[in-house]
Amino acid sequence: MADTVSVFIPLIATAIATAVGGFGAIWGIYTYREGQKLKRKEILFPLIDELVNSKRMFLAKAIFDDFTCNIPDFSAEESELDKMVIEDIKKPEVIREYYHADKLSKILRDHHKKGDVTNLHEILVRASFDAIVKFYAKLEYLKDIHLLREDEVEYFRYYYDKLQHNEAVKNYVGDYGLSLKFTLFENTKRKDDRKS
């Protein structure tokens, strides 16, 4: 009987150690995944906030949306150019002349070939498109290095599609060698497309 007990004691000890080790591994994996989720949120939420609230991207988004997008809060301490935007958006004639998608091929022209850009309205539009192009280039980079997943970038698709399908914007990106590659959704299908 003593021999039987002495055989089972090491087996029981091994089983307990294995169970504790297994539980520890499972707990480690769980806490690692939770930490990864938190890190992803720390990356993703500021990007969403930047897209929604950026004053620099406002004109580009407004031009694509015929000024139906949210207007960011401009304070009294804004720069002179920001004050100009605030005043301009109250004037339909200025919106039609400078802040319209039909005018982008003229405004986003290659200034080396088609004339300098000296008009302040055009400078504002170009600065806004620079900001949104840089923003989406940053998203492409973050996705390329696996800090953003396919399902996480879906939120950003709307304006990306608008940029990608606008010839003036694509020419602007190409003419100036900007870092936007239009690859953010290269391997991603829309949810609607997956159903069929």
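Colleague: Which residue does Lys 181 meet in a salt bridge?

Modeller: Asp 144; their side chains meet at 3.1 Å, N to O. A salt bridge here is a side-chain nitrogen of Lys or Arg within 4 Å of a carboxyl oxygen of Asp or Glu. Keep in mind that this is a predicted model: local features need pLDDT of at least 70, side-chain atom pairs count only at pLDDT 80 or more, and totals for chains, interfaces and linings use all residues. Residues are numbered from 1 along each chain as its sequence is written, and side-chain values use heavy atoms, with hydrogens and water left out.

Colleague: Where do the partners Lys 181 and Asp 144 sit?

Modeller: Lys 181 is in the loop between H10 and helix H11 (191-195), and Asp 144 is in helix H7. They are 37 residues apart, so the pair links distant parts of the chain. Helices are DSSP runs (H or I, at least four residues), numbered from the N terminus.

Colleague: How many salt bridges in the whole structure?

Modeller: The search finds 10. One of them joins Lys 106 and Glu 122, with the closest N and O atoms 3.3 Å apart. That pair also links distant parts of the chain: Lys 106 in helix H5, Glu 122 in helix H7, 16 residues apart. Arg 109 is linked with both in a network of salt bridges.

Colleague: New topic. What does the side chain of Lys 61 reach?

Modeller: The backbone oxygen of Leu 51, at 2.5 Å. Polar contacts are pairs of N or O atoms within 3.5 Å; within protein, one must be able to donate a hydrogen and the other to accept it, and residues adjacent in sequence count only if both atoms are side-chain atoms. Lys 61 is in helix H2 (residues 58-64), and counts as buried because its relative accessibility is 5%.

Colleague: Which residues does Lys 61 touch?

Modeller: Leu 51, Val 52, Cys 69, Ile 132 and Tyr 159, not counting residues up to four places away in sequence. Contact means heavy atoms within 4.5 Å.

Colleague: And Glu 152, what does its side chain reach?

Modeller: The backbone nitrogen of Arg 149, at 2.8 Å. Glu 152 is in helix H8 (residues 150-153). At 10% relative accessibility, it counts as buried. Arg 149 also has a salt bridge with Asp 151, at 3.1 Å, N to O.

Colleague: How many residues are in the largest nonpolar core?

Modeller: It has 46, and those with the most contacts inside it are Tyr 99, Phe 129, Ile 132 and Tyr 136. H7 gives the most to this core, with 10 residues. A nonpolar core is a set of buried Ala, Val, Leu, Ile, Met, Phe, Trp, Tyr and Cys residues joined through side-chain atoms within 4.5 Å.

Colleague: Last one. How many helices and strands?

Modeller: The protein chain has 11 helices and 0 strands. Of its 196 residues, 35% count as buried.

Notes: Helix = DSSP H or I, 4+ residues; strand = E, 2+ residues; numbered from the N terminus. Buried < 20%, exposed > 50% of the residue type's maximum accessible area, 1.4 Å probe, protein only.
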